[in-house]
Each structure stands twice: as C-alpha cells, then as structure tokens.
Amino acid sequence: MTNKMQNEEGRMQNTDSIHPSSFITHPSLLKATFAIVQKDLAAEFRSFELVSAMLVFSLLVIIIFNFALELDVKVRQSVTAGVLWTTFAFAGTLGLNRSMATEKDRGCMDGLLLAPVDRSAIYFGKAISNLAFMLIVEAIVLPVYSVLYNVNLFRLDLIGIILLGSIGYVAVGTLLSAMSVQTRTREVLLPILLFPVAIPVLLAAVKASNGLLTGAEFAEVLIPLNILIVYDVVFIAVAFMVFDFVVEE
Amino acid sequence: MQSKPIALKILDVVSIIVLAISTYLALFFAPTELVMGQVQRVFYFHIGTAWVGMLGFIIAAVSGVAYLITKDMRWDRFEVAAVEVSTVFFFLTIVLGSIWARPAWNTWWTWDPRLTTAAVTELIYIAYFMLRQGIDDPEKRARFGAVYTLLGGVSAPITFMVIRLFRTIHPVIVGAANANQEKMSMNGDMKIAFFFALFAFTVIFVDLIWHRIRLGSLEDKVEQLKLKVSM
Amino acid sequence: MENTPDTSTYMIAGFAVSFITMGIYIVSLYIRSLNLKRDIETLESMQDEKPKSQK
C-alpha cells in the first residue's frame, strides 16, 4: 500500500521536474552527455586505471590464445577474427564492470541521479566513455597483434567493422552493467547477462571481420554488416528507452 | 492462500488426459517413419515443447513490457511463471532434439540455427534467474527482470537470423540431412499426432503457469510477512 | 522398409526424459509451495506472539 503511494508520488515528482524544462531538453541532453563523457575521460587520463587493466588483460588473452590454438601461419588466417573479438569481448566486460562500479562505489551514481539532467544523458555519457575506453584498447591491440603475427590489420574496412561491433556491444553492455552493479553478485553477473544477449553482434562482427581478412566477396561481408547496423540501432533504441527503469530509485 | 479453484482442478485433470492422449498418438497411432525409425516419435514432443518454450519467451517479454508500464506485481509473477515453465520445456526440447539427432544425423549436436538459438535462449533464461536471485528488493527485482526479458526477447530473433543467414551462405555437412528433415513428409495420421501434441503442450503449459503464479503469490506473501515480523 | 533402422532405444530414452523432467518440475512446484505454506504459518504465529510480548 505505502509502497504504491510512494511510487505514485515518485512518478508525480518525476514528471514535475521534467515538465517545465522539457522544451529545452534537447540542448541540455547533449551538454549533459558530454559533461559526463568529459568527467569520465578526465578521471581516466589521470590514472589510466581502466585502460591499462583492459590492455594488459587483452595482451594476456592473446598470448594464451597463441599457445592454446598453436597459431601457426595456416591457422592464423582463419582464427584471427575470432581471437580478436573474444579478446575485445572479455576486455570489454572488464572495462564495463569497472566503469560502473567506480560510479557506484564513490557514490557518483547518486550524484548523477540527483542532478537535474535527463536520465538518458547518463546512459549516453557512460556508453560513449565506455566506447572510448574500448576503442583505445582496440587501437593498441590491433598493431600489437599485427606485429606479433605478421598480418596487416590496419584496414579501413576492418576498423569500420570493429567500430560498429564495439558500438553494439557497449550499447547493451552499459545498460546491463548498470543493472549488474546493483545486484549482490555484481562483477560475476555481467558476462553471464551480457554474452547471451550480445551473441548476435559478436557473431556478426566475427563473420564480417573474417570475411574481410580472408578476402571473401563483398556480398558475403554485406550480410553481417547489415546485421551489425540493425543490432546497433535496435539496441541503442531499446537501451535508451529502458535505462530509466534501471537507475530508478 | 485459498484452496485450489475448481477451474484449476479441472485444468489439471484435462492436462493429464491430453498428455496421455498425446503420448498414445505419438507412440502407437502415428505410423513409424521409414527413414529414421522409431526415434522419430520423439519429434511430436520435441515440437510441442519447442512451441511452448517459444510461446513462453514471447509472453515473458510482453509481460515484462506490461510490468514496466503498469508497475503491477501481477505482471511480474506472470513473467516469472512464463520464464520458469519455458526453461523446463526448452530444456526438454534441446535434450529431445539431441536424442533425435544422434541416430538421424549421427551426431548429438549440430550448430543448426534452431538448436543454437534454443540453447542461447535457455542461457538467457538461466541468466534471468541469476539476475533475480542477486536482488533483494522485490520491486527492483521485478523491474530488472522485466528489462532483461525485453532485451532477451529482442536479441533471440536476431540470433536466429544471424545464424540462419550464415548457414545459407556456408552450407555445412549436416545441410543435406537438414534439408531431408525439412522435407519429411507427414501423412494424415502423423499430422493428427503433430497438431494434438501442440494442443496438449499448450494446455499443460497454461496449467503449469497457473500453478507457478499461485506459487509466486505465496512467495510474495512470505516476503511481506517477513518484513512485517522483522519490523 | 528394409533399411529402416532400429532406433527404439533412443525413442524410449526420449520419452523417459520427457516424463522424468516434467515430473521433477511438478514435484519441485509442490515442495516449494509446501515450504512456503509452512513459512507462512510460522511467520503468522510469530506475528501473533509479537504484540503480546511487546505489551
């Protein structure tokens, strides 16, 4: 009973606080988003805590793959895409977890929620900074991998696929990490929640990258590319719509 | 909790009867399939459970959305019931498919789109329960559960699409066997067994969901009482 | 007809698994509801005792 009433009150307050400013929501959404991105990046560039952890982790994963798969010249061709995306996915969860956990532990999340900004600004802000971390790691892993295994990964089309794949992964990952950080099991839960939902984007990204690296016909790359775009659009939209429910108190 | 409503009692009896009839139809009424032999009889239950598992998945996503809009706990109970019953049935689908694939395709498992999507969906269900287990506040648990079923509901069809599109480009070894199975012609008696299995499992599904919803309201009652006592 | 393989073992296994799984689930529903009913009883008796002890 009381719970319901509180809920009702909460909702009324919510609409009250949004309504008067709703006609200026658009510019302030952008501004708030970038403020959050700026804050995250500034904090990161001071310590490089997150990026360095993700990076070292990625390199370790690649080394382990090297011995686990016996990456000789023949095998390398066909598994490079798989190895890369597995590495990115694992390093990605590491980053997603950490970036939300610091927010929660230092009480920043409450501060952000209290701030008079649209909740979606928090989502987009966190998603963009998570994406930035992931791209930084990828930008270092790619040349290292190229040097180690003597394959040229510096191709504009491959970078495009990696960008699209990372966007989709981070779009879902940011939403789910905001959820998992509020549960009892926290870090353990994120990959369990994220991987089954992110399977389409990872599969499509692997297929597209593999197609490019093995020099397949363009038509073969086009299908996974389309799926990547569809996935990105759909999940950014869904995450944007439901993020309010995830951070609601 | 009040005693069982009469409608539920009737539904229980009906479920047992339709399950018995469906078993009879599958085991004795339908003719033996010539290529695959007796094991093909598993097919009727396989399809029945798969249909119900998919139905539950859609129901769960829809009631998740309904919960987010209305914030009515009854939708949450409905959603949990649908997911839990579907988890059981999807597990059956996968095991039965595996048992059928062994003699028919000479392998326990193929990375066929339907099988893989079923497995991924089952993992989403399991993740859903792990998520709920980690949250103490019932209201937050319901909210997060609803969001996750919605994400799963959007992702599963894309997974299916992805795997199918890739398989059409890269035909796999079992492709031939797969096409064979697609063409598996059903005669009249087989069709009767097939459609009756769909019907029977739908009835059983509704019955089990109803029971699970009643269990859910018991759970809620216990939670509320615990709060009251501890205060 | 002559090359129809004998796969009845698999069929029996399939139906056995189906019934066992459904059976286990129904039993689990039953046991859980019994436990919850017992919980409700203890909690309600605790609730009845509590006001008396406070007064």
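So, helix α9 of chain A: it has 30 residues, and at 1.5 Å a residue those should span 44 Å, while the end C-alpha atoms sit 42 Å apart, which agrees. The expected span here is 1.5 Å times one less than the number of residues. When I say helix, I mean a DSSP run of H or I with at least four residues, while strands are E runs of at least two, and both are numbered from the N terminus. α9(A) also bends, by about 40° at A:M241. That bend is the angle between two axes, one fitted to the seven residues ending at a residue and the other to the seven starting there.

Quick housekeeping before I go on. This is a predicted model, so local features need pLDDT of at least 70 and side-chain atom pairs count only at pLDDT 80 or more, though totals for chains, interfaces and linings use all residues. Residues are numbered from 1 along each chain as its sequence is written, chains are lettered from A and ligands numbered from 1 in the order in which they are written, and side-chain values use heavy atoms, with hydrogens and water left out.

Now α4 of chain A, residues 73-105. Its 33 residues should span 48 Å at 1.5 Å a residue, and its end C-alpha atoms are 46 Å apart, so that agrees too. α4(A) has a kink of about 60°, centred on A:V79. After α4(A) comes A:G107, with a positive phi near 75°.

A:E103 pairs with A:K39, at 2.9 Å from N to O. A:E103 is in α4 and A:K39 is in α2 (residues 25-47) of chain A, so the pair ties together parts 64 residues apart in sequence. Over all chains, the count is 17 salt bridges.

On to how chain A meets chain B. Here 31 residues of chain A are in contact with 30 of chain B, where contact means heavy atoms within 4.5 Å. Together they bury about 3000 Å², 75% of it on carbon and sulfur atoms. Buried area is the accessible area (1.4 Å probe) that two parts lose on being put together, summed over both. Which three residues supply 18% of the area that chain A buries against chain B? They are A:M179, A:R184 and A:F245, and that is more than any other three residues give.

A:R184 turns up again in a salt bridge with B:D136, with the closest N and O atoms 2.6 Å apart.

Last stop, chain C against chain B. This contact takes 29 residues from chain C and 41 from chain B. They bury about 3100 Å² between them, 80% of it on carbon and sulfur atoms. C:Y10, C:F15 and C:Y25 supply 20% of what chain C buries there, more than any other three residues. For charge, C:R32 forms a salt bridge with B:E84, closest N and O atoms 2.6 Å apart.

Definitions and conventions: Salt bridge = Lys/Arg side-chain N within 4 Å of Asp/Glu carboxyl O.
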